[in-house]
Amino acid sequence: MPKQGTPSKIENKSPTQGMKWSFAAGTNLLSNLNAKIERQSKLKINEFAKELRSFSSVDMSGRNFGDEGLFFLAESLGYNQTAEEVSFAANGITAAGIKAFDGVLQSNIVLKTLDLSGNPIGDEGVKSLCDILVNNTGIQKLLLNSTDLGDEGAKGIAELLKKNSTLRILELNNNMIDYSGFTSLAGALLENNTIRNLHLNNNYGGALGANALAKGLEGNKSLRELHLHGNSIGDEGAHALTSGLSSHKGKLALLDIGNNSISSKGAFHAAEYVKKNKSLLWLNLYMNDIGDEGAEKIAEALKENRTLTTIDLGGNNIRAKGAAAISPVLKDNSVITTLELGYNPIGPDGAQALAEVLKFHGNVKTLKLGWCQIGAKGAESVADMLRYNTTISILDLRANGLRDEGAVCLARSLKVVNEALTSLDLGFNEIRDDGAFAIAQALKTNEDVAVTALNLASNLFTKFGQSALTDARDHVFEMSEKEINIFF
């Protein structure tokens, strides 16, 4: 069964969509293709080849040239001194097409990034590619997302990692790698000390896979980013992984364990890791179920941590109590600059707890509170905070049922000079014409408004409200030459 998020069908908007390619010397044109189509095919593929020889970054995704087209194009990569980044993503390339790279990639030392995502090359194709790349000394970034890659393919990649010291970034998202494949990759991590970023989002690692990976991480010094979003590792996997990371001799900067069925128990283990860690900059626990109890554990850890800049706790069933636990931590913390709490029912009380602290304290620059049920009362607290806050640049308040009452409160604050706020998202808030008029008036009143992006999409105002906002935007430009992008 395909994993959620894995594309089942790749849309191709190329003018050459559906075209059968036939260029190799001596091939007979398929009977259903006429000479005109063949000429067009040759012209197109020659244009593609010219691109490869002319530009350092070439995007050939979704051009549907298939295996035959790749055999023709691969020749343009041999001894190529120009192309550094090439995407052949979503082109219907199979395992047979990968053989086109043999003898080509071994001799190319300029190509740094190769993207083959969205091609059904499978384990066989991945293993062929790995055999070829063993002797490649140029490619630093390899993208194999959504390539029908399973445990056997992961085993091939693991063997490559043991021998290749050039690869820095490896993306294997949206595939079918199970516990066995994770074990192979973990073994490779013990021997490879040059890989920096490993992306395994939306695979089937589970708790056993996380446990295997943890053992590999203990002996690895090079890894800086680990992306394990959507692997169903659960609390047991979170425990094993964070234990392994605590023994990790390197300096991990980013950990993504979002959408992994982690509860407050798993949050406890993550918190223990965060307490002791001195290198982590970015932690993603998005779309788990840590609740208020888990939020309290993370808050305790943040009192001791002074490296984390970005924390994503969105979609974790955190309520006002959890928001109240996180808020005081922000008071004396100048390191946290991005806080995502969207999709948590923190309500007006949670919004108030955050606003009271952020009014005069902290260094939060991006605050995301979309789908938090804060209502007009919560908007009032946020609006009051904006009158005094000097750090928040991006504020997301989507889908909070603000209505006209909440919009009017925020409009009052927009009249006050706030040099920090540049982006305000009020989409999906049931705002009608009165709210639109209030915001328009605020923009006209404050010529020094710093806002450059205002999202009001999916609200309920009529063409009159939209017209008022458009007039306000034009007025600001006329008076100060500042452009405000308003999205309806």
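How many cavities of 30 Å³ or more does a search of the whole structure find? One. Here a cavity is a set of points, on a 1 Å grid over the protein atoms alone, where a 1.4 Å probe fits but cannot get out.

Before we go on, this is a predicted model: local features need pLDDT of at least 70, side-chain atom pairs count only at pLDDT 80 or more, and totals for chains, interfaces and linings use all residues. Residues are numbered from 1 along each chain as its sequence is written, and side-chain values use heavy atoms, leaving out hydrogens and water.

Now to the aromatic rings. Rings of Phe, Tyr and Trp (its six-membered ring) pair if their centres lie within 6.5 Å; planes under 30 degrees apart are stacked, over 60 edge-to-face, and the rest tilted. That rule gives eight aromatic pairs. Take tryptophan 371 and phenylalanine 428: their ring centres are 6.1 Å apart and their planes at 40 degrees, so this pair is tilted. The two residues sit 57 residues apart, and the pair links distant parts of the chain.

Are these two buried, exposed or partly exposed? Partly exposed means between buried (under 20% relative accessible area) and exposed (over 50%), with a 1.4 Å probe and protein chains only. Tryptophan 371 is partly exposed at 29%, and phenylalanine 428 is partly exposed at 43%.

Lastly, Phe48, Phe65, Phe88 and Phe101 form one aromatic cluster.

Notes: Helix = DSSP H or I, 4+ residues; strand = E, 2+ residues; numbered from the N terminus. 1 Å grid on protein atoms, 1.4 Å probe; cavity = no way out; pocket = protein on both sides within 12 Å on 5 of 7 lines; lining within 4 Å. Points joined across faces, edges and corners; volume = space filled by probe spheres on them.
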